[in-house]
2 protein chains.
Amino acid sequence: MSERPKVVIIGGGFGGLWAANALANKPVDVTLIDRKNHHVFQPLLYQVATAVLSPGEIAQPLRRILHNAKNVEVILGEVVGFDTTNEKVRLEDGSELGFDYLIVAAGARHSYFGNDVWETSAPGLKTLEDAVEMRRRILLAFELAERDAYLTGKQRQLNFVVVGGGPTGVELAGAIADIARQALAKDFKAIDTRKARVILFEGSDRVLGTFTPDLTDSAKKQLEDLGVEVRLNSFVSDIAPGKVKVSDEWIDCDVVLWATGVAASPLGKQLGVETDKAGRVFVETDLSLPGHKNIFIIGDMASIKRENGEPVPGVSPAAMQMGRATAKNVLADLKGKARTDFRYVDKGSMATIGRSKAIAHLFGMKFKGFIAWTMWLWLHVFFLIGFRNRIVVMVEWFWAYLTRERSARLITGDAEDLHDALAFIEGKEAVEFPNDRSTKRKAKARSL
Amino acid sequence: MSERPKVVIIGGGFGGLWAANALANKPVDVTLIDRKNHHVFQPLLYQVATAVLSPGEIAQPLRRILHNAKNVEVILGEVVGFDTTNEKVRLEDGSELGFDYLIVAAGARHSYFGNDVWETSAPGLKTLEDAVEMRRRILLAFELAERDAYLTGKQRQLNFVVVGGGPTGVELAGAIADIARQALAKDFKAIDTRKARVILFEGSDRVLGTFTPDLTDSAKKQLEDLGVEVRLNSFVSDIAPGKVKVSDEWIDCDVVLWATGVAASPLGKQLGVETDKAGRVFVETDLSLPGHKNIFIIGDMASIKRENGEPVPGVSPAAMQMGRATAKNVLADLKGKARTDFRYVDKGSMATIGRSKAIAHLFGMKFKGFIAWTMWLWLHVFFLIGFRNRIVVMVEWFWAYLTRERSARLITGDAEDLHDALAFIEGKEAVEFPNDRSTKRKAKARSL
């Protein structure tokens, strides 16, 4: 075995992958552990959920991305615990991996504020599986409405509900409205897909609340131009099959998508230190775990303040910066140099709303509509991991722009689930939602 | 309601889709019913199973393909029975659809010769879900071997077994050998993927038995050049987790793929007429159901002889020809003209084996190797449904050819299934395989 320090990285998201990349071909042995074999380009997940892109177009195998890094080994596995005293991590099959340095970058999932039972009715969007499940529900709703209208001669109202007016919620709502009004309109004959309602519920008094009020107002107007009903100051207080409760009103809906709430990976709580309400670990200024200089927590799992006192946001640029900064501090240690405190550099932010619609705040300048949208487009293609994916995604987008088509409109899953799905989505039958794995697995079985 | 004759088509495969297409904008009202919302280009399914193409690249929504056919309505649904007397089909939710003409084109699945219990251990390849499940098992086998080698320091033998030396079996075996020797070799660090064995078992004395002996010999040699072990006259007599029994010998394997046996859709048996052993319906010379001139059975569900006394093969060109011929006979009826007997036109056949490797027998001429392979390539891109798919697939193939990369290498599914999968694939634990839906569903839950 080598005498070089062993660095274990948990998670192949933006934080972990950027750390591994910064340690590539340096005098350390790196092991990157992830539960999946691929890195997902999360900012484009909503495009898989809304049938623009295929899963393979926004994901790349981790070992492919890192195959030139001779000192980095990628291992498929799930970390279930730590032995910080003996410097080991434990995998799901009981095997252990020793480390000299540990970088924990296991990310976050959406949270249901204690109502995990809502997940079956209102899936969130963090993984490829989530995105495919959303796509399945959206397309299935249109298919079942068409079938209904064909068999009965009557078109019923189709309602899509998106909970949460952050970037993901706005992207989803805009894209569904776009699909209903453009891509699907000419393919459905018994129903007029343009009559579908898309309702976006946001608890605060504006969407995309991290932007300045003028951009926020523009975003709301752009959403409404697409046909989205934006309901501000609206809290969803309950969810059941086929309906959501907002304030005291139950609203019928065919599909509910969850785009709010965030919970850091439960691994944070296993490190034996203090976490915030969302499960994020309070880290030192160099992102290390209090009391353990050789353990770092980065990305969405870390709770750390910027110089202006505000928290570093849970966005991919922050995770990338933390990954790189941590790798540098590990290498500084090895050279006997002092560590550098983490400083988040905010390069600005942008949010897309729909075709030719977006807002951006970059380099102190504000952009709206078409110009913001093209900036978003180029930036996201540029940052998409993997040369091949970029070409294919550009072809897809160019095609979608020219033709207003959505190309990845597949509903997949077991045939025998069709009837279940019909009952489930329409809320026609009482469906039980015990929050156990078998139910989740069954729900997943419907997705592909 | 319209007075025009109502044609119901069951199944959106090559037969049903070609029939619908030939009836497009003719004086009939057509309803196409399928359990899926998409047509799958089955000849390229093995490329999804072996991570070259993504599911979305070989499938298109049926209503998209037919959106210019104003008289064709596409309905998502599963036909579960017939009332031939009252001319109705029954859907899975009990609703009924009347018809004046019925075209049954529900296809076939692989059959396990009465050993359905083998399906969980040895999946077949008929649907996108099947392909993604195969891809998952193949990639997971390499990942788990890498992890094992990394944790234990020892590389164990990886064995891939393909059962059946027809076109699908040959394609799968060749593609897995290709992956192991090229695309994956540089990405895995603890194992040498080139040491993986790929064993193809064929019960008869040659692979691709429908071709002439010289082409067949060439195919075997081309397979062996790729590193596939071809075992002829070898019957698989039993399958259990992690092993297959050939003659009296149990052979350990990590992945078993099933590429033999065919069973027509069980709908054939519900028509109340005689079927052959594979469940195919013996049809009249015009493909109609004996005793029912207005019901046609086409594609893989039909049993009919050619002029030379041989059966019409269950291949996509035959299904397309049957679809078109049936549509013509329906239209002939309406004009009061005589029907035409179905005549299968054999334009030749080709089989691909791997990169630059194939055989073809077209227009009375025989081709081998690179030239046969390029012919296969162009023909398949040409026939691929949908303009966009063609461009994207060409980009993918060009990329794959240049770089020897496989681009769709995603393992997806629930994280909690990882440990199950490990035990399952390695056959470490006793796993029960009751042949019920919940097991299948659980197996599907692992796939995406």
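Modeller: Helices (H or I, at least four residues) and strands (E, at least two) are DSSP runs, numbered from the N terminus. The model is predicted, so local features need pLDDT of at least 70 and side-chain atom pairs count only at pLDDT 80 or more, while totals for chains, interfaces and linings use all residues. Residues are numbered from 1 along each chain as its sequence is written, and chains are lettered from A and ligands numbered from 1 in the order in which they are written.

Biologist: Where is the place of A:Ala51, and what is its phi?

Modeller: A:Ala51 sits in the loop between helix H2 (45-49) and strand E4 (59-61) of chain A. Its phi is near 70°, a positive value in a residue other than glycine. Most residues other than glycine have a negative phi.

Biologist: Why is A:Ala51 called buried?

Modeller: A residue is buried if 20 or more other C-beta atoms, placed from the backbone, lie within 10 Å of its own, exposed if 12 or fewer, and partly exposed in between. A:Ala51 has 28 other C-beta atoms within 10 Å, and is therefore buried.

Biologist: What makes A:Glu87 partly exposed?

Modeller: A:Glu87 has 18 other C-beta atoms within 10 Å, and is therefore partly exposed. A:Glu87 lies in the loop between strand E6 (79-83) and strand E7 (88-91) of chain A, and its phi, near 55°, is also positive.

Biologist: How do you know that the span of helix H5 (residues 167-183) of chain B agrees with its number of residues?

Modeller: The expected span is 1.5 Å times one less than the number of residues. For the 17 residues of H5(B) this should give 24 Å, and the end C-alpha atoms are 22 Å apart, which agrees. Of these 17 residues, 15 are buried, so H5(B) is mostly covered.

Biologist: What makes strand E2 (residues 29-34) of chain B and E5(B) a pair?

Modeller: Two strands pair if DSSP finds at least two bridges between them. E2(B) and E5(B) are joined by 5 bridges and run parallel; B:Asp34 stands opposite B:Leu76 in E5(B). Strand E20 (residues 288-289) of chain B and E21(B) also pair, over 2 bridges, in the antiparallel sense.

Biologist: Why are E5 and E20 of chain B said to stand at the edges?

Modeller: The open sheet has 6 strands in the order E5-E2-E1-E9-E21-E20 (chain B), with mixed pairing. E5 (72-76) and E20 of chain B each have a single partner strand, so one side of each is left without a neighbour in the sheet.
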